[in-house]
Amino acid sequence: MPKAASGFIGLLVSVLLAASWFDASWIVPWNVKESEQHPLESVETKELRRHPILPEHQQFVLTNDKDPIKGTNDERRKPLCTREQIIHGKWVEEQLPKPPYITPTVHLRCYPHEVYYKDGPWDTYKWSPNDKCTLTRWDKETFCSLMRGATVAIVGDSLSWEHYSSLIQLNGLKTHQGYQHQSRELQMNIAQSVCKGRTRVVYRRDDKLQNVTEAIQSTFPTVLVLNRGAHYVNDTILLDDIRHNLQEVKQWLKDCDQKYHMKCHFFWRTSVPGHPECGTFPKPVNDLALMEERVANLAFYNNRSINFHWYDYQHQNELVLKEIEKAGIEYNIIDAYYLNMLRPDEHRAHQDDCLHNCYPGKMDVYNQLMLHFLRMNRSKSDVKKAESVAKANKWPIDETTVYDPEATEAARKIRNFKEHGKVTRW
């Protein structure tokens, strides 16, 4: 290039760069290779680009367009579903490349071994709201990005164990029923580290929520999920207990705010009754009125199941939700009832159990809903604060409870002898 022309171009560029209104980002030196124009991203930069945490007015995590499990462009253009929109929907067929996980305990599966390990797609169902809104799909990376340095505590009965076990397995790890028994018999929290040691998930077996404060103090959570489970008491006892629980939740939220200065999230999961004669249902039934009528019909119950009061669950759900509303606290509802009333299938009918469920299955939607509301309510600054609080207080976020079958069995024998005057099997 002639010197005069080169000098003129240099002068022109200098003038343009000096102008505050001019965007020079498009100018690329003519002698720079293309690979040098776009330097490699650091791991941190790439992670933030793939899974950013948006400002508080738009707190959801973008995901990969090409992965149908994580969401499509069309889904992202729609607003995130509200609770009211979520509960009005239906179960629709879906094919995944493979099961989201394979539970190691064979009797907790609904289908033969070869179905889980076959070549080809996994046929399942997903919850689809009727409105034009986006319901967050489960995504492990999104969960881990929102829960760095945090503890998620799930407190309740064996159905809350399903919630906990699902969360562990959706994060690519394994657990087993023995931990549930250990929590129950030794009255202790069970902890497992997920997200490469950056997040702690805790379970406490507490059928009637009588030890919530102890569970909180043992492993102080950032997210607390409570549910009363399948242990019926009359309305008066239930409401007295719930009011006490809500005072415990208030104190926990106060500690989050005033002691640790961090954002915490309270979830109440509504209770889902069993489905009488569940073995007759091979698939979902997208008719809430029909399923409620069936659960209310005492003719479908036997001498054992009639004592479970499944027909009273929704009435008591509504009582509890009114108390939570009156408590004046910030909360989210995991509406297990409305979604899984429509799933009389995939109970453990092969074990004559029409209350508990097979893995993977309908309990996975609980973690999908939890992640959905965390995306709506958790900001980047909340994540950073949780990390700094955990570090400052030396909370062992990377801890995993050691299974102690001998102590668990000894405690079980003592409890059974006190309750029944004899030792019974699991």
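Start with helix α9: the elements covering its buried residues include α8, β4, β5 and α17. Keep in mind as you look around that this is a predicted model. The protein chain holds 17 helices and ten strands, and 50% of its 426 residues are buried.

- The buried residues of α9 are Gln177, Gly178, Tyr179, Gln180, Gln182, Ser183 and Glu185.
- Just past the end of α9, Gln187 adopts a positive phi of about 50°.

- Arg415 sits in helix α17, which covers residues 405–420.
- Is Arg415 buried or exposed? Its relative accessible area is 18%, and since buried means under 20%, Arg415 counts as buried.
- The Arg415 side chain makes a polar contact with the side chain of Glu185 at 2.8 Å, and Glu185 is itself one of the buried residues of α9.
- Setting aside neighbours within four places in sequence, Arg415 is in contact with Arg184 and Glu185.

**The six-stranded sheet**
- Six strands make an open sheet with mixed pairing, in the order β4-β5-β3-β6-β7-β8.
- The edges are β4 (190–194) and β8 (332–334); each has a single partner strand, so one side of each lacks a neighbour in the sheet.
- On average, neighbouring strands of this sheet are turned by 20° against each other, ignoring direction.
- Within the sheet, β3 (residues 151–156) pairs with β6 (residues 223–226) in the parallel sense, over four bridges.
- Val155 stands opposite Leu226 of β6.

**Helices against the sheet**
- Helix α8 (residues 158–170) lies across β3, β4, β5, β6, β7 and β8, and runs at about 160° to β5.
- Helix α11 (residues 235–259) also packs on the sheet, where it touches β6 and β7; the direction of α11 makes about 160° with that of β7.

**Nonpolar cores**
- Which residues have the most contacts inside the largest nonpolar core? They are Phe143 and Met370, in a core of 58 residues.
- Helix α15 (residues 364–377) supplies the largest share of this core, with seven residues.
- Not counting residues up to four places away in sequence, Phe143 touches Trp138, Val152, Leu167, Asn171, Val194, Cys195, Thr199, Met370 and Leu371.
- A second, separate core has 34 residues, including Leu226, Leu246, Trp268 and Ile333.

**Val272, a buried loop residue**
- Val272 lies in the loop that runs between β7 and α12 (288–296).
- With a relative accessibility of 12%, Val272 counts as buried.
- Leaving out neighbours within four places in sequence, the contacts of Val272 are Leu159, Tyr313, Ala336, Tyr337, Asn340, Met341, Leu355 and Tyr366.
- Val272 and His356 are 84 residues apart in sequence, with 10.0 Å between their C-alpha atoms.

**The chain as a whole**
- Of the contacts between residues at least 6 apart in sequence, 75% join residues at least 24 apart.
- The protein chain has an accessible surface of about 22,200 Å², and carbon and sulfur atoms account for 53% of that surface.

Notes
Residues are numbered from 1 along each chain as its sequence is written. This is a predicted model: local features need pLDDT of at least 70, side-chain atom pairs count only at pLDDT 80 or more; totals for chains, interfaces and linings use all residues. Side-chain values use heavy atoms; hydrogens and water are left out. Helices (H or I, at least four residues) and strands (E, at least two) are DSSP runs, numbered from the N terminus. Buried means under 20% relative accessible area, exposed over 50%, partly exposed in between (1.4 Å probe, protein chains only). Contact means heavy atoms within 4.5 Å. Accessible areas come from the Shrake-Rupley method with a 1.4 Å probe; for residues, only the protein chains shown count as cover. A polar contact is a pair of N or O atoms within 3.5 Å; within protein, one must be able to donate a hydrogen and the other to accept it, and residues adjacent in sequence count only if both atoms are side-chain atoms. Two strands pair if DSSP finds at least two bridges between them. Axes are lines fitted to C-alpha atoms, for helices over the stretch in contact, and angles run from 0 to 180 degrees between N-to-C directions. A nonpolar core is a set of buried Ala, Val, Leu, Ile, Met, Phe, Trp, Tyr and Cys residues joined through side-chain atoms within 4.5 Å.
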